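This report looks at a metal site and at one residue elsewhere in the chain. Please keep the model in view while reading.

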Amino acid sequence: MIIAPSLLAANYGRLAREVTRHKVSGAEWLHLDIMDGHFVPNLSFGPGIVKALRPLTRTFFDVHLMCSKPEVLLPLFADAGADQITVHVELGDRVSHLLWKIRSLGLKVGLAINPPTQLATVRPFLSRIDTLLIMTVNPGFGGQEFIEECLPKIQQAHAWRLTGAHAFHIEVDGGINEHTAADCARAGADVFVAGTALFGRPNLKAAVAKLRRAVHQAVAPAPVRPSRAHKPGKLPSQR
Ligand code: DX5
Ligand code: ZN
């Protein structure tokens, strides 16, 4: 299981300190949401910020590009220190080349899908990706409500992963908290992105631990109850 706090919900007035907060939180990845004001109706930050944060931590930089023209941005984010770059399947016939380009830059490859898009669109690419990012809100803003209708997509992707020859992470992003993460974990997700429920909380370390516990409990095998027949009887001396 991987927990990936999204910097989108951090305090932009003290980003360096927020990265330090992440460093001691126990989270495995740092999720970096890049918005271009075109693919989504909002702006966030660019490669300059990512590059400035890179020397502060060795954590895995998970860059999520919500951008109409990732072609021009890929080398910039590679140079800034991204470990994985995710592009959206909604970019259509450019996706194949974009995935190749990310790989050729020596990075892990992610592919994201928005709630209204059919899961079948990602299927041809599953052998070429490290992470399938299933959006559980319409991207653009933090703090939105989890869209439950995305759960069957996670189940289907998980089924493909089990039956196919390809291993890839199933990452969920949007409206993730202790409750929705548990639902996603039961459906097959193994990477959990959260902004509001992690950086949005005063104690990031405690929030990460709480989310991790919720996921563990959701996927833990049910305890085996000892049957009555095998219940050890008390010795006379214990009575
Ligand atoms: C949504 C972004 C998310 C966002 C999640 O457009 O891709 O990564 O930060 O924020 P919360 O967890 O607040 O929904
Ligand atoms: Zn994201």
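## Metal site and a loop aspartate

Along the chain, the donors of the zinc ion (ligand 2) are spaced as H-x1-D-x30-H-x108-D. Asp33 belongs to strand β2 (residues 29–35) and His64 to strand β3 (residues 60–66), so this pair ties together parts that are 31 residues apart in sequence. The model is predicted, with local features needing pLDDT of at least 70 and side-chain atom pairs pLDDT 80 or more, while totals for chains, interfaces and linings use all residues. Residues are numbered from 1 along each chain as written, chains are lettered from A and ligands numbered from 1 in written order, and side-chain values use heavy atoms without hydrogens and water.

The protein donors (N, O and S atoms within 2.8 Å of the metal, or 3.2 Å for Na, K and Ca; water is not among the atoms, so sites may look incomplete) are His31 (NE2), Asp33 (OD), His64 (ND1) and Asp173 (OD), at 2.0 to 2.3 Å from the zinc ion (ligand 2). The site is octahedral, with angles of 66 to 165 degrees among six donor atoms; for six donors this term requires opposite donors over 155 degrees apart and all others between 65 and 115.

Buried here means under 20% relative accessible area, with a 1.4 Å probe and protein chains only.

| Residue | Relative accessible area |
|---|---|
| Asp33 | 5%, buried |
| His64 | 1%, buried |
| Asp130 | 18%, buried |

Asp130 sits in the loop between β5 (108–113) and β6 (131–135), strands being DSSP runs of E with at least two residues, numbered from the N terminus. A polar atom of the Asp130 side chain lies 2.8 Å from the backbone nitrogen of Val109. Leaving aside residues up to four places away in sequence, Asp130 touches Gln84, Arg103, Lys108, Val109, Phe168 and His169, where contact means heavy atoms within 4.5 Å.

Methods: Helices (H or I, at least four residues) and strands (E, at least two) are DSSP runs, numbered from the N terminus. Buried means under 20% relative accessible area, exposed over 50%, partly exposed in between (1.4 Å probe, protein chains only). A polar contact is a pair of N or O atoms within 3.5 Å; within protein, one must be able to donate a hydrogen and the other to accept it, and residues adjacent in sequence count only if both atoms are side-chain atoms. Four donors count as tetrahedral if all angles lie between 85 and 135 degrees; four count as square planar and six as octahedral if opposite donors are over 155 degrees apart and all others between 65 and 115; anything else is irregular.
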